[in-house]
Amino acid sequence: MEIDITSPVELTNALLQNMPVKRFFTEKFFGEEVHGTETIGVDIVKGTQKIAPYIGKLSEADTSIRDNFTTKHFPTYNIALKRPTNAIDMFKRAPGGNITYVGGPSDPSERAVALLQRDQAELANMVNRTIEKYAADALLNGEVVIKDATGTTLDTISFGRSASHTVSVGSITAWDNGSAKIIKNIDDWAGLVAQDAGITATDIVLGSAAANVFLEDSKVAKVLDTRNLNSGVVDLNLKANGGARFLGYIGGLRVWRYDEVWNNNGVITPIMPAKKVLVIGDAIRATVHYGLINDVKGGKFVTKMFSKTWEQDDPSIQWLLVRSAPLPVVEQADGVVCATVLS
């Protein structure tokens with residue numbers, strides 16, 4: 001497909017048609033919503049388990065009040081990445097390409113387009129990894145802390161999760177002591193999700209260290225259902241998924257180990273902390289909200305991601321930019337329990 005690399009509309013359309021694959025948390029637990037505003041209104045939902053009462057003969061109906069949500073307004077912040085390409089870059093071969101000299105299989109303009117497409121995909125992948133990291137933070141902490149490249153905090157956005165849904169390591173929940181009650185802990189946390197959010201827990205997500213202890217526990221080994229893994233008959237949605245590996249079923253819940261990482265200024269950091277466990281229901285209301293992208297050259301874009309190019313003359317460089325304004329929000333804040341299980 002030929003595209004005009006100077007047109008933000010064509011570049012953005014090409015980007016959206018070739019969006020990178022989403023990662024585990026954003027694929028499995030988050031929906032998407034695109035907004036035409038920079039500030040978004042979100043309904044934060046609490047569970048309701050009220051029942052409908054009977055009434056006496058000839059009595060009027062009981063009044064039901066909508067009291068299980070509050071509307072909050074959150075600002076959205078932009079992610080903006082740019083990458084330069086100079087004339088020398090246009091003559092370089094792509095990784096894996098044929099080793100040729102100038103006058104090879106493509107001219108500089110063709111190489112420039114191919115390089116731009118590759119760079120655009122790489123920058124979009126970086127944006128997606130950022131969204132996944134912040135989606136994980138929303139589930140783990142009940143809030144997201146927006147930081148810039150220097151680590152400076154720009155904003156803290158809290159979703160009002162109940163304190164009981166964040167469990168610290170202790171004598172009852174320490175999985176690395178001799179009297180660990182892993183299965184009971186998981187059952188208790190699944191019950192808490194049902195009690196406070198009104199949804200059924202469906203999944204357990206384990207950090208690497210928690211997964212090791214979990215699999216080594218003798219009681220877990222007796223009840224962990226791995227027949228799908230052993231038989232090779234694995235449902236499509238249970239295959240390795242965006243950095244997560246399916247380990248089996250326990251108590252009717254799917255068990256995942258999540259090893260995806262992000263590069264924090266040269267420090268490789270797990271997206272799912274090694275000692276933590278999430279118990280979550282896949283019916284949870286959670287959304288990646290995309291705010292308005294306001295670009296002087298391109299105009300106002302109501303889209304998940306935006307892309308444009310421009311040139312500078314001295315030194316002679318073509319710039320590529322990819323921009324997005326995502327905000328992962330857990331509207332049903334009590335639909336997850338996050339526990340630290342190792343000291």
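How do the residues of the lining of the largest cavity divide into nonpolar, polar and charged? I opened my notebook with that one, and I get 5 nonpolar, 2 polar and 2 charged. My classes: Ala, Val, Leu, Ile, Met, Phe, Trp, Tyr, Cys and Pro are nonpolar, Asp, Glu, Lys and Arg are charged, and the others, Gly among them, are polar.

**Ground rules**

I'm working on a predicted model, where local features need pLDDT of at least 70, side-chain atom pairs count only at pLDDT 80 or more, and totals for chains, interfaces and linings use all residues. Residues are numbered from 1 along each chain as its sequence is written, and side-chain values use heavy atoms, with hydrogens and water left out.

**The cavity**

I wrote down what a cavity is: on a 1 Å grid over the protein atoms alone, a set of points where a 1.4 Å probe fits but cannot get out. A pocket is instead an open set with protein on both sides within 12 Å along at least five of seven lines, and lining residues, for either, have an atom within 4 Å of a point. Volume is the space filled by probe spheres set on the points, with grid points joined across faces, edges and corners.

I count 1 cavity of 30 Å³ or more. The largest cavity holds about 40 Å³ of space. I listed its lining as Arg83, Thr85, Ala112, Leu115, Leu116, Asp119, Gln318, Trp319 and Leu320.

Next I looked up where those residues sit. Helices (H or I, at least four residues) and strands (E, at least two) are DSSP runs, numbered from the N terminus.

I moved on to the largest pocket, with about 1,000 Å³ of space. Of the 26 residues that line it, I noted Thr130, Tyr134, Lys147, Asp148 and Ala149 as the closest to its centre. E4, H4, strand E5 (143–147), E11 and strand E19 (326–330) each give two or more residues to this lining. H4 gives the most here, 8 residues. By class, I have 15 nonpolar, 6 polar and 5 charged residues in the pocket lining.

**Charged pairs**

Side chains of opposite charge can pair when their charged atoms come close. My rule for a salt bridge is a side-chain nitrogen of Lys or Arg within 4 Å of a carboxyl oxygen of Asp or Glu. I find 12 salt bridges in the whole structure.

Arg83, from the cavity lining, meets Glu122 in a salt bridge at 3.2 Å, N to O. Arg83 is in strand E4 and Glu122 in helix H4, so this pair ties together parts 39 residues apart in sequence. I also checked exposure: buried means under 20% relative accessible area, exposed over 50%, partly exposed in between (1.4 Å probe, protein chains only). Glu122 is partly exposed, at 39%.

Arg129 bridges to Glu260, with the closest N and O atoms 3.3 Å apart. That pair links distant parts of the chain, 131 residues apart: Arg129 is in helix H4, and Glu260 is in the loop between strand E10 (253–258) and strand E11 (261–264). Buried or partly exposed? Arg129 is partly exposed at 32%, while Glu260 is buried at 11%. I also see Arg23, Arg129 and Glu260 linked in a network of salt bridges.

Asp295 and Lys308 form another salt bridge, 3.1 Å between the closest N and O atoms. Both residues are buried.

**Rings**

I paired rings of Phe, Tyr and Trp (its six-membered ring) if their centres lie within 6.5 Å; planes under 30 degrees apart are stacked, over 60 edge-to-face, and the rest tilted. That gives me 13 aromatic pairs. Phe25 and Phe29 make a tilted one, 6.3 Å centre to centre with 40° between the planes, and both are buried.

Last, I looked for charges over rings, meaning NZ of Lys or CZ of Arg within 6 Å of the ring centre and within 35 degrees of the ring normal. Lys82 has its charged end over the ring of Trp319, 4.8 Å from the centre. Lys308 lies over the face of Trp310, 5.3 Å from the ring centre.
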